[in-house]
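Here is a short note for a colleague who is opening this structure for the first time. Please read it beside the model.

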Amino acid sequence: MALTLGQGPEPDIEELRALAESAGAQVSATISGKRDRPDPALFAGSGKCEEILLACQAHAATLVIFDHTLSPGQQRSLTKLLQRRVIDRVALILDIFALRARSHEGKLQVELAQLDYLSARLVRGWTHLERQKGGIGLRGPGETQLETDRRLIGQRVKQLRSRLALVEKQRRNRRRQRDRQGAFSVSLVGYTNAGKSTLFNALTHAGVYAADQLFATLDTTSRRVFLAPGEFMVLSDTVGFIRELPHSLIEAFKSTLHEAADADLLLHVIDASDPDRERQQQAVDAVLAEVGAANVPRIEIFNKIDLMGIPPKSEPDPYGRIHRVWLSAADAEGIDALREAVRSHMPAFPSPEKEPWSGMVSEHLNAMQPSVQSLL
């Protein structure tokens with residue numbers, strides 16, 4: 001069981017509950033509070049911590065989750081005071097990512113973020129082994145152990161970064177290949193559980209995993225989607241964003257998130273039925289700005305209109321390009337309008353009779369003709 005603590009509005013508490021349940025916890029109680037500034041030692045203050053302790057005892061809770069980032073010192077003090085395991089929002093999200101990662105790249109990225117989080121908590125993490133100034137038998141190998149752990153983590157981080165650099169090189173090669181073929185690159189972005197994977201399946205029939213849960217998809221998947229005779233796009237499904245996404249995760253997943261920065265067009269999927277959708281859009285915008293994708297053209301996709309009882313529709317901008325589409329990915333309503341919206345953002349496309357590479361081959365053969373004739 002878990003006990004969660006949040007200090008924000010009601011949507012934040014519900015999101016934290018959903019995160020905890022996604023990690024496999026059973027939430028037995030939620031406690032909220034307000035402070036002008038966090039307590040340096042306990043974050044929540046002694047009175048609130050006493051309330052948390054009583055709730056833990058009443059519900060036999062074994063885990064306490066804070067909806068904020070705790071310093072290593074605060075985490076240790078809270079664990080000692082509450083006599084239970086205490087984690088923060090960052091650790092919770094990392095745990096969910098570790099559960100959901102399936103691809104080799106995804107597992108490497110999650111492990112790198114976990115080690116980055118752990119390394120900051122190694123400071124004073126071995127106080128029971130520190131050297132004592134008290135005589136024979138009390139001079140432990142504490143500093144040596146701490147230094148050994150730091151060195152091992154550093155070596156592993158170096159290995160992970162090297163492997164991810166190789167994966168990123170392979171990704172760039174694939175990207176250049178798509179560019180040479182004249183492919184129009186489109187990336188799905190949005191808040192977690194907005195319906196990106198469901199929309200991806202509706203467009204591609206790829207059958208990627210989609211579920212009504214946070215961070216159901218971590219691994220990037222790309223498929224070719226035909227829009228009209230001779231016109232297609234390469235659509236990529238990316239990891240979902242969330243409020244206060246840990247910076248270490250953004251750094252670890254930067255190669256994956258660059259799919260959005262390098263795309264020709266972004267499809268920003270928004271849960272139209274969520275009352276907190278404006279704050280979610282702001283969170284997505286913040287992450288896109290951090291990975292250099294703020295200026296990529298985008299279409300806003302308001303998904304889940306089936307939950308609102310409204311028909312699909314599209315809205316053009318002053319230049320005639322469709323910049324907003326209302327649809328239901330689950331019912332495949334409004335998918336045709338989305339295809340037309342993407343086409344309105346595409347440059348002039350080669351005719352179906354002439355492949356993108358055929359012109360280059362013809363020019364190359366024409367350039368060779370004088371040499372061939374001289375040989376004859």
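The points below go from the overall picture to single residues.

1. Basis. This is a predicted model, in which local features need pLDDT of at least 70 and side-chain atom pairs count only at pLDDT 80 or more, while totals for chains, interfaces and linings use all residues. Residues are numbered from 1 along each chain as its sequence is written, and side-chain values use heavy atoms, with hydrogens and water left out.

2. Overall content. The protein has 12 helices and 11 strands. Both are DSSP runs numbered from the N terminus: helices are H or I with at least four residues, strands are E with at least two. Of the 376 residues, 47% count as buried. Buried means under 20% relative accessible area, exposed means over 50%, and partly exposed is in between, with a 1.4 Å probe and protein chains only. Contacts are heavy atoms within 4.5 Å. Among contacts with a separation of 6 or more, 66% join residues 24 or more positions apart.

3. The sheet. In what order do the strands of the open sheet run? The order is β6-β7-β5-β8-β9-β11-β10, with 7 strands and mixed pairing. Two strands pair if DSSP finds at least two bridges between them. The edges are β6 (221-228) and β10 (313-316), each of which pairs on one side only. From one strand to the next, the twist averages 25 degrees.

4. Parallel pairs. Strand β5 (residues 184-190) runs parallel to strand β7 (residues 231-237), and 5 bridges join them. β9 is mostly covered, with 5 of its 6 residues buried.

5. Helices on the sheet. Helix α10 (residues 277-290) lies across β5, β8 (265-271), β9 (298-303) and β11 (322-326). Its direction is at about 150 degrees to β8. Helix α11 packs on the sheet as well, touching β5, β6, β7, β8, β9 and β11. The direction of α11 makes about 170 degrees with that of β11. Axes here are lines fitted to C-alpha atoms, for helices over the stretch in contact, and angles run from 0 to 180 degrees between N-to-C directions.

6. α7 against α11. How do the axes of helix α7 (residues 196-204) and helix α11 (residues 335-344) cross? They come within 11 Å and cross at roughly 85 degrees. α7 and α11 are therefore roughly perpendicular to each other. The angle classes are: under 35 degrees roughly parallel, over 145 roughly antiparallel, 65 to 115 roughly perpendicular, and the rest oblique. L199, A202 and L203 in α7 meet I335, L338 and R339 in α11. By class, this contact of α7 with α11 has 5 nonpolar, no polar and 1 charged residues. Ala, Val, Leu, Ile, Met, Phe, Trp, Tyr, Cys and Pro count as nonpolar; Asp, Glu, Lys and Arg count as charged; the others, Gly among them, count as polar.

7. α2 against α3. The axes of helix α2 (residues 46-59) and helix α3 (residues 72-82) come within 10 Å and cross at roughly 50 degrees. That makes α2 oblique to α3. C49, I52 and L53 in α2 meet L78, L81 and L82 in α3. This contact of α2 with α3 divides into 6 nonpolar, no polar and no charged residues.

8. Positive phi. Which values does phi take at A60? Phi of A60 is near 55 degrees, a positive value in a residue other than glycine. A60 sits in the loop between α2 and β3 (63-66) and is partly exposed, at 47% relative accessible area. A332 also is not a glycine, yet has a positive phi of about 60 degrees. Its place is the loop between β11 and α11. A332 counts as partly exposed, with a relative accessibility of 47%.

9. E315 lies in strand β10. At 24% relative accessibility, E315 counts as partly exposed. E315 and V325 are 10 residues apart in sequence, and their C-alpha atoms are 6.4 Å apart in space. Not counting residues up to four places away in sequence, E315 touches R321, I322, H323, R324 and W326.
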